[in-house]
Amino acid sequence: MANASEQSLLEALLDSWDRNNTILVNLLRAVPEGGLAVRAMEGSPSVAELFTHIHYVRLVFVLEDAPEFARKLPEEEWLREPDPDHIAQMLNESAQAVRDAVKSRVEAGRDMDLHYDHPILLLQHMLWHEGYHHGQIKLALKLAGRPITDEEAGPVTWGVWMRKK
């Protein structure tokens, strides 16, 4: 990186990625008992499958764009994992792989191998993708009569984004 200002910007972007993963794991922890099996409708992925899909997608893009940071891909993209602790571990591991890949490529001034004009675009893609599925998860739970209330979700989602260090 060229200077302290650019390094500070990279750290802020990586912090946003870390916060995003914290919010996703917080959402997972807020899913009510039995909620991981919920589907918005027949044929839709379950809440658990949405979380494991996010993990899988992260790892696929790291493999394709910065293979030196690749981790072992799960055998299934839409895994019906019943254990929220295992899903949280998966999400934390894949978030670290994305973080490490982006940080390394930015600091080295190196492009991604397959996608994206700049490594930061991988972070932006993942944020958009995961926000999309975050909404699907909350809607599926609401449709199944097991909503996560704003009082429950606010402090562990929006509060994480807006908290100053």
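Some ground rules to start. Residues are numbered from 1 along each chain as its sequence is written. Because the model is predicted, local features need pLDDT of at least 70 and side-chain atom pairs count only at pLDDT 80 or more, while totals for chains, interfaces and linings use all residues; side-chain values use heavy atoms, with hydrogens and water left out.

Let me begin with helix 4. Helices here are DSSP runs of H or I with at least four residues, numbered from the N terminus. Helix 4 covers residues 120-143, which is 24 residues. From first C-alpha to last, helix 4 reaches 35 Å, close to the 34 Å expected at 1.5 Å a residue; that expected span is 1.5 Å times one less than the number of residues.

Which residues of helix 4 are buried? Buried means under 20% relative accessible area, exposed means over 50%, and partly exposed lies in between, using a 1.4 Å probe and protein chains only. The buried ones are I120, L122, L123, M126, L127, H129, E130, H133, H134, I137, A140 and L141. They pack against helix 1 (4-30), helix 2 (47-65), helix 3 (84-108) and helix 6 (158-162), where contact means heavy atoms within 4.5 Å. Just after helix 4, G145 takes a positive phi of about 80°.

Now the pockets. On a 1 Å grid over the protein atoms alone, a pocket is an open set of points where a 1.4 Å probe fits, with protein on both sides within 12 Å along at least five of seven lines; lining residues have an atom within 4 Å of a point. The largest pocket has a volume of about 230 Å³, a volume being the space filled by probe spheres set on the points. Which helix gives the largest share of the lining of this pocket? Helix 4 does, with five residues. Helix 1, helix 4 and helix 6 each supply at least two. Among the lining residues are N20, L127, E130, H134 and W161. By class, the lining has six nonpolar, four polar and two charged residues. Ala, Val, Leu, Ile, Met, Phe, Trp, Tyr, Cys and Pro count as nonpolar, Asp, Glu, Lys and Arg as charged, and the others, Gly among them, as polar.

The second largest pocket has a volume of about 160 Å³. Its lining includes L28, R29, E33, P82 and P84, and by class has seven nonpolar, two polar and two charged residues.

Last, salt bridges. A salt bridge is a side-chain nitrogen of Lys or Arg within 4 Å of a carboxyl oxygen of Asp or Glu. By this rule the count comes to ten. One of them joins R19 and D15, with the closest N and O atoms 2.7 Å apart. Being four residues apart in helix 1, R19 and D15 are separated by about one helical turn. Both R19 and D15 are buried.

E68 also pairs with R105, the closest N and O atoms being 3.0 Å apart. This pair links distant parts of the chain, since E68 is in the loop between helix 2 and helix 3 and R105 is in helix 3, 37 residues apart. E68 is partly exposed at 42% relative accessible area, whereas R105 is buried at 1%. E68 meets R110 in a salt bridge as well, at 3.4 Å, N to O. Salt bridges that share partners join E68, R105, R110 and D113 into one network.
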